[in-house]
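Morning, everyone. Let me put the next structure on the screen, and then we go through a few residues.

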Amino acid sequence: MAKNVAEITSLASLDQRLAIAKRCSHEGVMAGAKAAVMASIATAIPTLASARMMPWARANLNPTAQALIISTVAGMAYFIVADKTVLATARRNSFKGASPRDNFIEP
C-alpha cells in the first residue's frame, strides 16, 4: 500500500522534530548535571567546614543533615538549570526557520 506525499512529509517532519526534542533534552540534562556538580562543591565546602568549626553547627548538624543540605542544593540546581536550558533551546529552535517578517505585529 503506497503512502501519499503528505503522509511521508509529515512523518519526516515528525522525525525531525523528535530528533530536535531529544537533542534539546540532552542539552538540558548535561547543563543540569554540570550545575549540580558545581552546586554540590560550592555547598559542601562551607557546610562541612562550619560543622567542624562552629559550636552550634557541630551540635546540631549531624552527617545526615549535612548530606541533606548538600543534596537539596544539588537537586535544585539541576532542575532549575535543566529547565531553563530546555526552554532556551526550544525557543531558539522555534525561531530558527522563521523570517523576521513573521515576528512583526502590525498595528
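How many aromatic pairs does the structure hold? The count is 1. Keep in mind that this is a predicted model.

The partners are Y78 and F79. Their geometry is edge-to-face. The ring centres sit 5.1 Å apart, and the planes make an angle of 85 degrees. That angle is over 60 degrees, so the pair gets the edge-to-face label.

Now accessibility for those two. Y78 comes out at 25% relative accessibility, so Y78 counts as partly exposed. F79 is at 60%, so F79 counts as exposed.

Next stop, T43. This residue lies in helix α1, which covers residues 5-53. Is T43 buried or exposed? Buried: its relative accessible area is 13%, and the cut-off for buried is under 20%.

What does T43 touch, once neighbours within four places in sequence are set aside? The contacts are I69, I70 and V73. There is also a distance to note, from T43 to T72. In sequence, 29 residues separate T43 and T72. In space, their C-alpha atoms are 9.8 Å apart.

Last one, N93. Look for N93 in helix α3, residues 63-94. Its relative accessibility is 16%, so N93 counts as buried. Which residues are in contact with N93, again leaving out neighbours within four places in sequence? Those are I20 and R23.

T43 is buried in the model. N93 is buried too. That's it from me. Over to you.

Methods:
Residues are numbered from 1 along each chain as its sequence is written. This is a predicted model: local features need pLDDT of at least 70, side-chain atom pairs count only at pLDDT 80 or more; totals for chains, interfaces and linings use all residues. Side-chain values use heavy atoms; hydrogens and water are left out. Rings of Phe, Tyr and Trp (its six-membered ring) pair if their centres lie within 6.5 Å; planes under 30 degrees apart count as stacked, over 60 as edge-to-face and the rest as tilted. Buried means under 20% relative accessible area, exposed over 50%, partly exposed in between (1.4 Å probe, protein chains only). Helices (H or I, at least four residues) and strands (E, at least two) are DSSP runs, numbered from the N terminus. Contact means heavy atoms within 4.5 Å.
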